[in-house]
Each structure stands twice: as structure tokens, then as C-alpha cells.
Amino acid sequence: PIGPGASETKAKVTTGATGVSTGALESNINLEVAFKLQDKLTAAGYTVIMVRTSQDVNLSNAQRAEIANENNAAAFIRLHCNSADSSSATGTLTMAPSSSNPYCSEIAEASQSLSKSVVNDICWQTGSKNRGVTITDTMSGINWCQVPVTIVEMGFLSNVDEEQKLIDSSYQDK
């Protein structure tokens with residue numbers, strides 16, 4: 001279900017988008033970046049709890065959110081790569097719930113603030129086009145959360161140039 005008590009559902013686990021030129025899997029890129037982010041945050045003194053550390057997982061978005069919720073995370077950062085029908089789509093965006101979200105409105109303000117900060121910093125560091133914060137109440141990766149959450153769409157795997165950046169280790173470091 002996309003949220004507690006919802007009748008609308010989505011797949012429990014997917015590999016996500018696939019790169020148009022290399023066939024790179026979104027799930028692999030996300031994990032590579034997650035390990036890099038873990039290292040940087042740990043070095044800065046933060047405690048990091050990884051929801052997954054391998055490709056072999058069977059966790060729903062509700063179960064992933066529960067890990068963040070149970071640990072009273074200060075921030076739940078969900079890393080993703082975007083894809084679009086148009087190969088010219090570019091840029092980075094983040095997603096957060098609305099203040100009228102039927103599942104998690106109480107974290108909307110903090111999530112929107114987190115999302116704005118994250119997208120602005122990523123775009124400043126990487127030079128990626130800033131697509132801003134998308135406010136949405138349809139994402140199961142948000143709707144199960146009780147702690148501030150952001151979904152980060154790091155770039156478009158449907159765009160050859162962005163795909164090349166997303167699979168480049170030095171770009172991922174940024």
C-alpha cells in the first residue's frame with residue numbers, strides 16, 4: 001500500500017530505472033552513492049543506519065520507513081535516479097509530503113525544509129540543474145514515514161549525459 005490503510009498499492013521491490021546507453025541499474029547506482037554518503041556522514045560525526053547494504057533485499061517502502069521510524073532518525077534520505085520519456089530531461093529534484101498529506105502531514109514542514117536544503121546543496125556541488133522540491137502525497141517511500149524524509153532524484157538515466165555522470169565515481173562523490 002502507498003500509505004497506512006491505503007487501497008492503492010505498488011511493487012514491493014524493483015531495480016528501478018535503467019540507463020539508456022549503458023544499461024546501468026538505478027538500484028546499483030543508488031547503493032554506490034549511499035555507501036559514499038555513509039562514509040562522508042560518518043566521518044562528519046553522524047550515525048548512519050543503512051536500510052540496505054546489498055542488491056539482495058526484500059524490503060517494502062513501509063519496512064524501510066519503519067527502520068527510520070524505529071530509530072527516530074533525524075533524516076531519512078532515500079536515493080534514486082530519475083527517468084523520463086524525453087531523453088532531454090535533466091536535473092536533480094527532491095520530494096516531500098504536503099502539509100495536507102493524509103498519512104504524514106506532521107512531518108511535512110521538516111521534510112520540505114530537508115528536501116530544499118538537500119537539492120540546493122547537491123546542485124551547488126555538482127552543477128546539476130535544480131528542479132526544486134516536488135510536493136507529493138503519492139509516494140509510499142514518504143507516506144509511511146514518521147520522521148523527516150526526502151526522496152532525492154539525483155539525475156535522469158534516460159539522458160545519456162546524465163547517465164554518464166551518475167555512473168562516474170568522482171561525480172558520485174560530489
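This is a predicted model: local features need pLDDT of at least 70, side-chain atom pairs count only at pLDDT 80 or more; totals for chains, interfaces and linings use all residues.
Helices here are DSSP runs of H or I, at least four residues in length, numbered from the N terminus.

Helix α2 spans residues 61-70, and its buried residues are Asn61, Arg64, Ala65, Ala68 and Asn69. These residues cover an arc of only 140° around the axis, so they sit on the same side of α2. The spacing makes sense once you recall the geometry: an α-helix has 3.6 residues a turn, so residues three or four places apart point the same way. What do the buried residues of α2 pack against? Their partners are β1 (76-82) and α4 (140-143). After α2 comes Asn72, which has a positive phi, near 50°.

From here, let's follow the chain to α4, the helix where Asn143 is found. Asn143 has a relative accessible area of 0%, which means that it is buried, since the cut-off is under 20%. Its side chain reaches the backbone oxygen of Asp137 at 3.1 Å. Beyond its neighbours within four places in sequence, Asn143 is in contact with several residues, among them Ile2, Gly3, Pro4, Asn101 and Tyr103.

Our last stop is Ser128, placed in the loop between α3 (108-126) and β3 (130-135). Is Ser128 buried or exposed? With a relative accessible area of 10%, Ser128 is buried. Its side chain is joined to that of Thr92 by a polar contact of 2.8 Å. Setting aside neighbours within four places in sequence, Ser128 is in contact with Gly91, Thr92, Cys123, Glu162 and Tyr171.

Terms used. Residues are numbered from 1 along each chain as its sequence is written. Side-chain values use heavy atoms; hydrogens and water are left out. Helices (H or I, at least four residues) and strands (E, at least two) are DSSP runs, numbered from the N terminus. Buried means under 20% relative accessible area, exposed over 50%, partly exposed in between (1.4 Å probe, protein chains only). A polar contact is a pair of N or O atoms within 3.5 Å; within protein, one must be able to donate a hydrogen and the other to accept it, and residues adjacent in sequence count only if both atoms are side-chain atoms. Contact means heavy atoms within 4.5 Å. The arc is that of the directions from the helix axis to the C-beta atoms.
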